[in-house]
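Me: I am new to this structure and would like to learn how to read its features. Could we take them in turn?

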Amino acid sequence: MKNLREVNDDILKDWLLFREDTISSLTSEEDKKHWIYFDEISERILKTVPEQNKEYVQKQLNKLDDNFIDYISYWNEKYYRNGFCDGIEIINGCFD
């Protein structure tokens, strides 16, 4: 049996991508309350920055956004993948 805990191009990876698309659609008021409005926050920050610093600050904000997305993606995949694997191991243990 393939090690499900390894991140590969598999059905679980596809499911995580689907969930990411579904979550980012903000389908409910509760979702909207907990969304990170990065673009709006960035705009407010940039309005207060002197003109000579805007390009630098914009680049740093973009790096922060990219880093945060990478961070969330990594932990979500790790959490869901390990939860899925734990569930499979529990079910598999019932048959052993």
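This is a predicted model: local features need pLDDT of at least 70, side-chain atom pairs count only at pLDDT 80 or more; totals for chains, interfaces and linings use all residues.

Me: How are two packed helices described?

Reply: Two numbers are used: the angle between the axes of the helices and the distance between those axes. Here helix H3 (residues 38–47) packs with helix H4 (residues 54–95) at about 155°, and their axes are 10 Å apart. H3 is therefore roughly antiparallel to H4, since an angle over 145 degrees counts as such. The crossing of the two, H3 and H4, is right-handed.

Me: Which residues of H3 and H4 meet?

Reply: From H3 come Phe-38, Ser-42, Ile-45, Leu-46 and Lys-47; from H4 come Lys-54, Val-57, Gln-58, Leu-61, Leu-64 and Asp-65. Sorted by type, the residues of this contact are six nonpolar, two polar and three charged.

Me: What about salt bridges: how many does a search of the whole structure find?

Reply: The general idea is that side chains of opposite charge can pair when their charged atoms come close. The search finds two salt bridges. One of them joins Lys-33 to Glu-30, with the closest N and O atoms 3.1 Å apart.

Me: Where do Lys-33 and Glu-30 lie in helix H2?

Reply: They are three residues apart in H2 (residues 29–33), so about one helical turn separates Lys-33 from Glu-30.

Key: Residues are numbered from 1 along each chain as its sequence is written. Side-chain values use heavy atoms; hydrogens and water are left out. Axes are lines fitted to C-alpha atoms, for helices over the stretch in contact, and angles run from 0 to 180 degrees between N-to-C directions. Helices (H or I, at least four residues) and strands (E, at least two) are DSSP runs, numbered from the N terminus. Angles under 35 degrees count as roughly parallel, over 145 as roughly antiparallel, 65 to 115 as roughly perpendicular and the rest as oblique. A crossing is left-handed if the near helix is turned anticlockwise from the far one by less than a right angle, and right-handed if clockwise. Contact means heavy atoms within 4.5 Å. Ala, Val, Leu, Ile, Met, Phe, Trp, Tyr, Cys and Pro count as nonpolar, Asp, Glu, Lys and Arg as charged, and the others, Gly among them, as polar. A salt bridge is a side-chain nitrogen of Lys or Arg within 4 Å of a carboxyl oxygen of Asp or Glu.
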